[in-house]
Amino acid sequence: MTSPTESDAAAVAREQFDRCRPYLAGLNGSPGLAEWLFLPERVIKVVLPVERDNGDVETFLGYRVQHSRIRGPGKGGIRFYPSVDEDEVTALATWMTWKCALVDIPFGGAKGGVACDPSTLSPAEKRRITRRFIAELGKTIGPNSDIPAPDLYTDSQTMAWVYDTYAMMHPGENALPVVTGKPLDLGGIAGRDTATAQGALYATQHFLEIGGKPGLQELSGLDVAVQGYGNAGRNAAHLFHEAGARIVAVSDTRGGAYDPNGLDLNAVDTLKDTTGTVLGLDGAKELDHREVLEVPCDILIPAAIENQITSENADRIQARVVVEAANGPTTPIADDILNAKGSAVIPDILANAGGVIVSYFEWVQNLEHTQTDPGDVQTRLRTKMHRATEQVVATRAALIEAFDTYAADWKERTGTDLRHPDLRTAAYVVAVGRCLRAAEQRGIWP
């Protein structure tokens, strides 16, 4: 059975942060500094009365958490989903801080969401919720303070409403940089809609190229399973297939499809677009939406929501490499199980960073009133993902080489044994280390 703490995204985020602390001397001697880096700067909760199409008024709860602006303005998506609450949004904002630091873009972490069921909302209702949410956030967001983006069940149209609402509230200002992921005609950037999946592909390819998983050198011929057939998962399936991999399983919230000989993605897309699910694909074995995680494959891409790989199912994961296109899909206990089995986990703050990287490019072009060539976007994205992947792999190797020294110091100070570092811990050492240095260089105000 899953541990209660595994279903708590905030507890997972805390455990992941604490696991990197033994390797960062600047945090070990200053508990107060560690708390400052980990705790959110600001938590905003708003009540949104919205008129439904039938004239009824329904009240929704909205949240925006600004976790850290030590390295720059807050950056993070807005999601519309029933499970949205303060703890979830806080964890997501925390992960955004480390993600931006890991890929070295000048943002801190933020996140927002509205607790609602998008499947029950008409486009007009979704528009009214979006506008009311942005109006309630007021001056807490802005091009130089906190910049939203798309997330779960929001898209470029939602971001167009965010932009328009903010622009109406701030006449005479350049409002384009207040939000990224906008339509191209409203200052958006080519490639933003596929950037999360594209970044995951670049990270995976380079991870294999530089020997991150012995025995696997390239994607060609590998079997891939994808959990979650939304924006990230669907695009990842196609991009990994185009790179030579065979997509053997996909799933969405209603179920999945599995064929060890490979799925016809065109047929999957047609079924998804016409029925709203991939369940029922001709010639494929039907799966529960979480069973897709356990099929035989070389690479597993969890691209749905948090807490999908836990102590309950981690020992049944057969993938040799897990590429976290979703935020927080693997719990710390599951990390330990996968690491002991020899499965490599390319962590979320690396694997799905493509979206925020291209959002950064969009923000810059909006500030400068310029446009970016699509080829330049891909070249710069690839460079960022390759560099971050190399840093994570190299950092893990360095931590392993010096592990005995770290372990002895940790044992002396705490009386407990130190875990061997995995790729996630290495990524956190890089990311949290950058935030730590920025905090030390800036000092404590006043």
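## Aromatic pairs

The structure, a predicted model, holds 9 aromatic pairs. Rings of Phe, Tyr and Trp (its six-membered ring) are taken to pair if their centres lie within 6.5 Å; planes under 30 degrees apart count as stacked, over 60 as edge-to-face and the rest as tilted. The rings of Y23 and Y406 have centres 4.9 Å apart and planes at 70°, so this pair is edge-to-face. The pair links distant parts of the chain, 383 residues apart: Y23 lies in the loop between helix 1 and helix 2 (25-28), and Y406 lies in helix 14 (residues 403-414). Helices (H or I, at least four residues) and strands (E, at least two) are DSSP runs, numbered from the N terminus.

## Basis of the description

Residues are numbered from 1 along each chain as its sequence is written. In this predicted model, local features need pLDDT of at least 70 and side-chain atom pairs count only at pLDDT 80 or more, while totals for chains, interfaces and linings use all residues; side-chain values use heavy atoms, with hydrogens and water left out.

An open sheet is formed by 5 strands in the order 1-2-4-3-5, with mixed pairing. Two strands pair if DSSP finds at least two bridges between them. Strand 1 (42-51) and strand 5 (146-150) stand at the edges with a single partner strand each, so one side of each has no neighbour in the sheet. From one strand to the next, the twist averages 20°. Axes are lines fitted to C-alpha atoms, for helices over the stretch in contact, and angles run from 0 to 180 degrees between N-to-C directions.

Strand 3 (residues 74-81) and strand 5 run parallel and are joined by 5 bridges. I78 stands opposite P150 in strand 5. Helix 4 (residues 86-102) packs on the sheet, touching strand 1, strand 2 (57-66), strand 3 and strand 4 (108-115), and its direction makes about 150° with that of strand 4. Contact means heavy atoms within 4.5 Å.

Strand 7 (residues 246-252) and strand 8 (residues 255-258) run antiparallel, joined by 4 bridges. The bridge partner of V250 is A257 in strand 8.

## Two helix contacts

The axes of helix 1 (residues 9-20) and helix 3 (residues 31-38) come within 12 Å and cross at roughly 135°. That makes helix 1 oblique to helix 3; angles under 35 degrees count as roughly parallel, over 145 as roughly antiparallel, 65 to 115 as roughly perpendicular and the rest as oblique. A10, A13, R14 and F17 of helix 1 make the contact with A34, E35 and F38 of helix 3. These residues divide into 5 nonpolar, no polar and 2 charged. Ala, Val, Leu, Ile, Met, Phe, Trp, Tyr, Cys and Pro count as nonpolar, Asp, Glu, Lys and Arg as charged, and the others, Gly among them, as polar.

Helix 8 (residues 231-242) and helix 9 (residues 265-275) have axes that come within 11 Å and cross at roughly 165°. The two helices are therefore roughly antiparallel to each other. In helix 8, R234, A237, H238 and H241 meet L265, D269, K272 and D273 in helix 9. By class, this contact has 2 nonpolar, 2 polar and 4 charged residues.
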